[in-house]
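Q: I would like to learn how to read the features of a protein model step by step. Could we take one feature at a time, with the general idea before the particular case?

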Amino acid sequence: MKAKFLLFSLILFINSMSFSQIIKSIGIKSGLSISNQKWEHNQINNEKIINLLAGNYNVITIDFIKKQNWDLAADFGFFQSCSKIDANPYLFYNSTIEYQGDIRQRFGFFTFSPILRLKTQIKSFTPYIQFGPRLDFYTSAFSNDNADYWKNDINKTQYGFHIGEGVAYNFKNFSILAEYQFFFNFNKLMDKPTIYPIANFTRDIIKINTHIISLG
């Protein structure tokens with residue numbers, strides 16, 4: 001709720017600035033993020049079961065150029081990559097280590113995405129596809145303590161591209177939309193030597209790609 005209030009306040013601020021003359025439209029998109037978290041650390045792979053959890057996605061979307069069949073826009077906001085790691089209880093049989101159950105990790109990112117949108121008009125509906133580059137910045141503000149445990153090893157800047165599709169329903173000066181996006185990362189969230197001094201536990205590696213479903 002606090003994040004949505006901040007986004008709404010930022011919209012009002014941007015709209016009050018003199019440079020808002022170049023802004024053709026502005027709005028909010030909000031929804032769910034579901035990440036494919038690929039852990040390549042051998043101990044995680046062998047001893048843990050990773051289940052994906054939904055996170056939050058909230059952005060301000062701004063159109064700078066609006067033409068009949070294409071738009072140039074940008075999204076500013078945040079999203080989360082969440083998971084629940086279940087330890088295998090059988091590995092703790094006759095062990096002095098207590099079984100701790102599941103561990104929930106929530107990685108949070110500020111995100112910036114320039115957008116090229118290709119669209120067509122069908123009466124009051126505007127279906128479209130969109131794509132562009134993307135930059136994400138890890139932040140503790142939208143992460144939990146379990147994820148923030150890795151903060152010294154995390155690559156704070158993630159870069160990749162986004163591609164998606166959606167449809168908007170248009171009123172006179174107002175639109176509502178439903179949208180799907182896929183966030184692909186070129187680099188890894190973490191790629192560090194393991195903390196375990198065992199030969200076959202060579203790296204701590206996390207790679208994430210994210211699916212976004214939103215309304216706006």
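Q: In which sense do strand S5 and strand S6 pair, and over how many bridges?

A: This is a predicted model, and in it strand S5 (residues 102-119) and strand S6 (residues 125-139) pair in the antiparallel sense over nine bridges. Within this pairing, Leu118 stands opposite Ile129 in S6. The two strands form a hairpin with five residues between them, and Lys123 in the turn has a positive phi of about 55 degrees.

Q: How many helices and strands are there in the protein, and what pattern do they follow along the sequence?

A: The protein has three helices and 10 strands, and reading along the sequence gives the pattern α-β-α-β-β-β-β-β-α-β-β-β-β. Among contacts with a separation of 6 or more, 68% are between residues 24 or more positions apart. Of the 216 residues, 40% count as buried, while the accessible surface comes to about 12500 Å², with 61% of that surface belonging to carbon and sulfur atoms.

Q: How many salt bridges does the structure hold, and with which residue does Glu179 form one?

A: The general idea is that side chains of opposite charge can pair when their charged atoms come close. The structure holds nine salt bridges, and in one of them Glu179 is joined to Lys29, with the closest N and O atoms 2.7 Å apart. This pair links distant parts of the chain, since Glu179 lies in strand S8 and Lys29 in strand S1 (residues 25-39), 150 residues apart.

Q: Are Glu179 and Lys29 buried or exposed?

A: A residue is called buried here when its relative accessible area is under 20%. Glu179 has 5% relative accessibility and therefore counts as buried, and Lys29 is also buried, because its relative accessible area is 1%.

Q: Which residues are linked in a network of salt bridges?

A: Salt bridges can be read as a network as well as pair by pair, and here Asp63, Lys66, Asp71, Arg117 and Lys119 are linked in such a network. Within it, Lys66 forms a salt bridge with Asp63, the closest N and O atoms being 3.3 Å apart. Asp63 is buried because its relative accessible area is 8%, whereas Lys66, at 40% relative accessibility, counts as partly exposed.

Q: Where is Arg117 placed, and what does Arg117 touch?

A: Arg117 belongs to strand S5, which brings us back to the hairpin that S5 forms with S6. With a relative accessible area of 8%, Arg117 is buried, and a polar contact of 3.1 Å joins its side chain to that of Asp63. Not counting residues up to four places away in sequence, Arg117 touches Thr61, Asp63, Asn69, Trp70, Asp71, Ala73, Tyr128, Ile129 and Gln130.

Q: How far apart are the closest N and O atoms in the salt bridge of Asp148 with Lys151, and is each residue buried or partly exposed?

A: In the salt bridge between Asp148 and Lys151, the closest N and O atoms are 3.9 Å apart; the cut-off for such a pair is 4 Å. Asp148 counts as buried at 17% relative accessibility, while Lys151 counts as partly exposed at 38%.

Terms used
Residues are numbered from 1 along each chain as its sequence is written. This is a predicted model: local features need pLDDT of at least 70, side-chain atom pairs count only at pLDDT 80 or more; totals for chains, interfaces and linings use all residues. Side-chain values use heavy atoms; hydrogens and water are left out. Helices (H or I, at least four residues) and strands (E, at least two) are DSSP runs, numbered from the N terminus. Buried means under 20% relative accessible area, exposed over 50%, partly exposed in between (1.4 Å probe, protein chains only). Contact means heavy atoms within 4.5 Å. Accessible areas come from the Shrake-Rupley method with a 1.4 Å probe; for residues, only the protein chains shown count as cover. A salt bridge is a side-chain nitrogen of Lys or Arg within 4 Å of a carboxyl oxygen of Asp or Glu. Two strands pair if DSSP finds at least two bridges between them. A polar contact is a pair of N or O atoms within 3.5 Å; within protein, one must be able to donate a hydrogen and the other to accept it, and residues adjacent in sequence count only if both atoms are side-chain atoms.
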